[in-house]
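The following exercises concern one protein structure. Please work through each task before reading its solution.

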Amino acid sequence: MDEQAEKSSPENDDSKLENGEKKNEDLTFDPEIFSCMLQPSPADSDSDPNYIGIRRLLLYRKAQSGVLRRKDWRCNGKGYVAFRNYINRPRNWDGLQTPSYPSTPGQSERWIPSTSPISHLFEVDSWGTSRDLQSGNRQFSFHTSASSNASDTELPHRKGEPAYSFVGMHCIFDQCKAMVTVIKFGHMSSDLLAYGASDGSLTVCTVSTSPAVLKQLTGHTKDVTDFDFSTNNQYITSSSIDKTVRVWDISKGLCMRVIYGVSPELCIRFHPVNNNFLSVGNANKEIMVFNFSTGRTISKATFDSEVTAMDQDHTGQLIFCGDAKGYVYTVSMDSRTGALSRSHRNKSSSKQNSPVTTVQYRTFSLLARGPVLLTFSRDGSLSFFSVSLEVQGYLTVRCTLKLAPRLHSIRASFCPLLSLEKGEFIVAGSEDANVYFYDLTRPKHTCVNKLQGHGYPVIGIAWNHGENLLASSDFGGTVIVWKRAKTS
């Protein structure tokens, strides 16, 4: 009888319940992690069926620690999002009664009153400055200068742009253990990809149906700041903080030539017509033109500060460059002799002296009805210029966008699809480990889509020639190639 009483005692019942709860807890899975494990492999991939699922799980685990720190953070009893919204509220918050008028997807010039005047400031991932609360029936014209404020954490519209919908990750390269500072696809290529890192390495890959690393180019002793492909994709030329420019033969994986400088080399370009010319911007406030075959200096131009970014027009007669103080220069170049001469100087939308991290030229924009130039500064200032080829590349500001300041030299890029009448789209990395898409024609709610998967700040961005793949690199050394959804 005593043994039976012990078996049926309340203490034993409690222990059974506790054991049962522990078993139930063991059987409980995080639905997000579980969904990552079940991600299928792409239909056109010959790789391991579990590859994509495992990689997404690892990326989720890497990013999860930062998310949990935000959730656990407290200040005066309030969470991270509430405190962030509080410190970013408008100065006249207490007396603010004017409703906000968000634009509707696909109709950037029509305004519909929101149901809640100021409720959007309390949304979890959407917040803005006082300019976002101004009202009025404004008509946005792309032929006059306009500006807009946006946040990297702004929640995209539910109805995304079909041209920039993605089906997932095409492949991932995670061999690099250092920050990937710059990433590019080959000239007129859809599957040749290269990226440079802060450890001085330069990696060449293929992103075809069987992604693989082709060559590992080692020689630089410090950060690779920039590189460029030759027209035939046979050579790569790279610049580095170690004050050298190197020319590589991709097929052999060998360094053909080393050009030594007196200061860190920050940006580099092959001449688009005469590949025998190399234009290099450095920290000595110069752009140097070298002979590709001999390595000798042909000409140089001097500027007011370090030349941090550059690009050339399709004819090779104009060089556009940005410096460490936020200025953008137009430089004329003789395609026959390589002689340089400064033409114009413009100030980017940055109010402070912030380094320009991106200068990108495009031959045509439907909205600008001609060639355009994109610049991006470390303080988050993004500027969109129209280029007058008749006046030696004179720049006219058409649109500006203010994003959150960057701690790293994060880059931005034109989206290659013009999307006809829909807008002018830009893609950029961010400190919060996301890739964001912006429509510059929208005065508000410019963020139209974002890609999540990186666990560190996204540094580099590049589209392939076929416009179906987008590559992004991050501070942790991971490169993700995203596959865009097919559109009719």
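**Exercise 1: Confidence**

In this model, pLDDT (the predictor's confidence in each residue, from 0 to 100) stays under 50 over residues 1-8, for which there are three contacts (heavy atoms within 4.5 Å) beyond four places in sequence. The model is predicted, so local features need pLDDT of at least 70 and side-chain atom pairs count only at pLDDT 80 or more, while totals for chains, interfaces and linings use all residues. Residues are numbered from 1 along each chain as its sequence is written, and side-chain values use heavy atoms, with hydrogens and water left out.

**Exercise 2: Overall build**

Task: Describe the helices and strands of the protein, and state what share of its residues is buried.

Solution. Step one: DSSP runs, numbered from the N terminus, define helices (H or I, at least four residues) and strands (E, at least two). The protein has five helices and 31 strands. Step two: a residue is buried under 20% relative accessible area, exposed over 50% and partly exposed in between (1.4 Å probe, protein chains only). Of the 488 residues, 51% count as buried.

**Exercise 3: Cysteines**

Task: Find the number of disulfides, and decide whether Cys176 is buried or exposed.

Solution. Step one: a disulfide requires two cysteine sulfur atoms within 2.5 Å, and the count is zero. Step two: Cys176 is buried because its relative accessibility is 9%. Cys399 is likewise buried, at 2%.

**Exercise 4: Aromatic rings**

Task: Characterise the pair formed by Phe166 and Trp463.

Solution. Step one: rings of Phe, Tyr and Trp (its six-membered ring) pair if their centres lie within 6.5 Å; planes under 30 degrees apart are stacked, over 60 edge-to-face, and the rest tilted. The structure holds nine aromatic pairs. Step two: Phe166 and Trp463 form a tilted pair, with 6.2 Å between centres and 35° between planes. Step three: Phe166 belongs to strand β4 and Trp463 to strand β29, so the pair ties together parts that are 297 residues apart in sequence. Both Phe166 and Trp463 are buried.
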